[in-house]
Amino acid sequence: MKYDVINLDWDGVLWDFKAAFCKWHGLEITPDDRWEFYRDLGMNDQEFKTALRRLPKEFWAQEEFITEDARSLVEWARANGTTVRVLTVTGGDGACLSGKRDLASKLFFLPVYAVRSSGDKRHHGSGRGKSALLIDDKVETIREWDLSEQHEETNHSYLWPAEYNKGEEGVFYFDKSWLKLPEIKKKAHWALTDEDRSALLKEMAAEKAAEKPVIDYASMDEAKRRKMTPIYSGCLAYFPDALAQVAQNSMVGHYQHNDPSEPMYWDRSKSADELDAIIRHLADHSKDPYDVDGRLHLSKVAWRALAMLQKFIEDEKLSKNS
């Protein structure tokens with residue numbers, strides 16, 4: 001997928017903020033399983049914010065703390081996005097923004113967009129149907145980006161792997177293997193053998209499959225699951241004519257099995273042989289698309305399939321709750 005805009009986080013993705021902070025203050029760099037590493041250094045949140053505001057431009061412009069994957073990631077982003085930019089938190093600090101802009105421009109020729117807090121990144125999502133990807137190392141930032149109501153259908157994200165964000169559910173991690181360039185890809189096209197071409201085609205197919213995120217509804221909370229269940233745009237808008245036929249079958253069945261003067265309802269005690277009926281209507285469809293009552297056999301297949309699915313889901317819920 002080619003994204004219209006790819007936003008790359010700076011601190012923790014392109015630049016090792018933790019290492020830079022610790023070295024600047026003469027502190028030992030220790031492994032940590034949480035982003036708030038400064039708490040293990042004896043600093044509370046307010047003391048940390050105060051320390052950040054005191055940092056000069058020179059701190060933020062230190063090239064030695066560019067991460068080992070930074071250049072490869074920028075190359076990957078340029079290959080997969082029309083526009084690539086840095087989207088980073090500066091807290092309104094001019095020295096921080098200036099240092100980051102100088103380094104991003106010097107090393108990567110990238111523009112830097114600044115926000116006051118990580119939550120503000122969601123306001124830089126896509127617009128007017130354009131797709132925007134965010135690569136960030138903070139789980140909270142990724143979740144806020146994904147749940148942004150203004151851009152929820154066109155926003156995409158990857159969580160940049162780090163020690164402090166392992167094992168998070170409901171997010172897609174960036175696979176760093178995408179950044180590796182095999183020797184075969186460095187060959188000129190005229191130097192490729194038939195075996196090389198076959199290997200490249202297989203790799204391209206694997207990469208294409210890997211880039212497609214898998215939706216795991218079971219791991220979502222209720223709010224996320226509702227947003228990811230587009231009943232109108234993913235069902236009614238997909239099959240308006242087919243669903244109209246199914247609805248008409250419900251009315252025909254009501255007239256056939258119930259009192260037509262009563263409000264329509266599904267009497268499940270009548271004609272409950274869904275699986276047999278599906279096969280019967282499929283077989284009859286091969287002879288004549290229309291049943292003797294003028295209704296399409298396929299519409300009855302759809303009705304019976306929905307009935308079977310509804311009953312199955314209800315039975316599943318009952319078994320889980322019992």
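Which side chains meet in a salt bridge at 2.9 Å, N to O? In the predicted model examined here, the partners are Arg225 and Glu222. Both residues belong to helix α8, which spans residues 222-227, and because they stand three residues apart in that helix, about one helical turn separates them. An α-helix has 3.6 residues a turn, so residues three or four places apart point the same way. The two partners fall into separate accessibility classes, in that Arg225 is partly exposed at 26% relative accessibility, whereas Glu222 has a relative accessible area of 51% and is exposed.

Another joins Asp267 to Lys270, with 3.5 Å between the closest N and O atoms, and Lys270 counts as partly exposed at 33% relative accessibility. A further salt bridge is formed by Arg304 and Asp273, for which the closest N and O atoms are 3.6 Å apart. Since Arg304 is placed in helix α12 and Asp273 in the loop between α10 and α11, this pair ties together parts that lie 31 residues apart in sequence. Arg304 is buried, its relative accessible area being 10%, while Asp273, with a relative accessible area of 31%, is partly exposed. The contact between Arg304 and Asp273 also takes part in a network of salt bridges that links Asp273, Glu274, Arg280, Arg304 and Lys311.

Helix α12, which contributes Arg304 to this pair, comprises 25 residues and reaches 36 Å from its first C-alpha to its last, a span close to the 36 Å expected at 1.5 Å a residue. Its buried residues are His297, Ser299, Lys300, Val301, Arg304, Ala307 and Lys311, and the elements that cover them include α10 and α11, the latter formed by residues 274-287. Ile313 is also located in α12, which runs over residues 297-321, but Ile313 is partly exposed, with a relative accessible area of 35%. Together with Leu306, Leu309 and Phe312, Ile313 makes up a nonpolar surface patch of about 360 Å².

Helix α10, formed by residues 240-257, has 18 residues and extends 26 Å between its first and last C-alpha atoms, close to the 26 Å expected at 1.5 Å a residue. Within α10, Val246, Asn249 and His254 are buried. When α10 is viewed down its axis, the buried residues fall within an arc of 140°, and they therefore line one face of the helix. The face turned away from this buried side carries Asp241 and Tyr255, which are exposed. The cover over the buried residues of α10 includes α12, and, in turn, α10 is among the elements that cover the buried residues of α12.

Most residues other than glycine have a negative phi, and most peptide bonds are trans. Phe109 has phi near 55° and is situated in the loop between α5 (94-108) and β3 (112-115), where its relative accessibility of 68% classes it as exposed. Ser271, with a positive phi of about 50°, is found in the loop between α10 and α11 and counts as partly exposed at 35% relative accessibility. The loop that holds Ser271 is also the one in which Asp273, the partner of Arg304, is placed.

Two further loop positions concern the segments around α3. Thr67 is located in the loop between α3 (57-60) and α4 (70-80), and because its relative accessibility is 19%, under the 20% limit for burial, Thr67 counts as buried. When neighbours within four places in sequence are left aside, Thr67 is in contact with Val13, Leu14, Trp15 and Asp16. Arg54, by contrast, occupies the loop between α2 (45-53) and α3 and is exposed, with a relative accessible area of 69%. The C-alpha atom of Arg54 is separated by 13 Å from that of Gly92, a residue 38 places away along the chain.

Key. Residues are numbered from 1 along each chain as its sequence is written. This is a predicted model: local features need pLDDT of at least 70, side-chain atom pairs count only at pLDDT 80 or more; totals for chains, interfaces and linings use all residues. Side-chain values use heavy atoms; hydrogens and water are left out. Patches are made of residues with over 30% relative accessible area and no salt bridge: like charges are joined within 9 Å, nonpolar side chains (Val, Leu, Ile, Met, Phe, Trp, Tyr) within 5 Å. Accessible areas come from the Shrake-Rupley method with a 1.4 Å probe; for residues, only the protein chains shown count as cover. A salt bridge is a side-chain nitrogen of Lys or Arg within 4 Å of a carboxyl oxygen of Asp or Glu. Helices (H or I, at least four residues) and strands (E, at least two) are DSSP runs, numbered from the N terminus. Buried means under 20% relative accessible area, exposed over 50%, partly exposed in between (1.4 Å probe, protein chains only). The expected span of a helix is 1.5 Å times one less than its number of residues. The arc is that of the directions from the helix axis to the C-beta atoms. Contact means heavy atoms within 4.5 Å.
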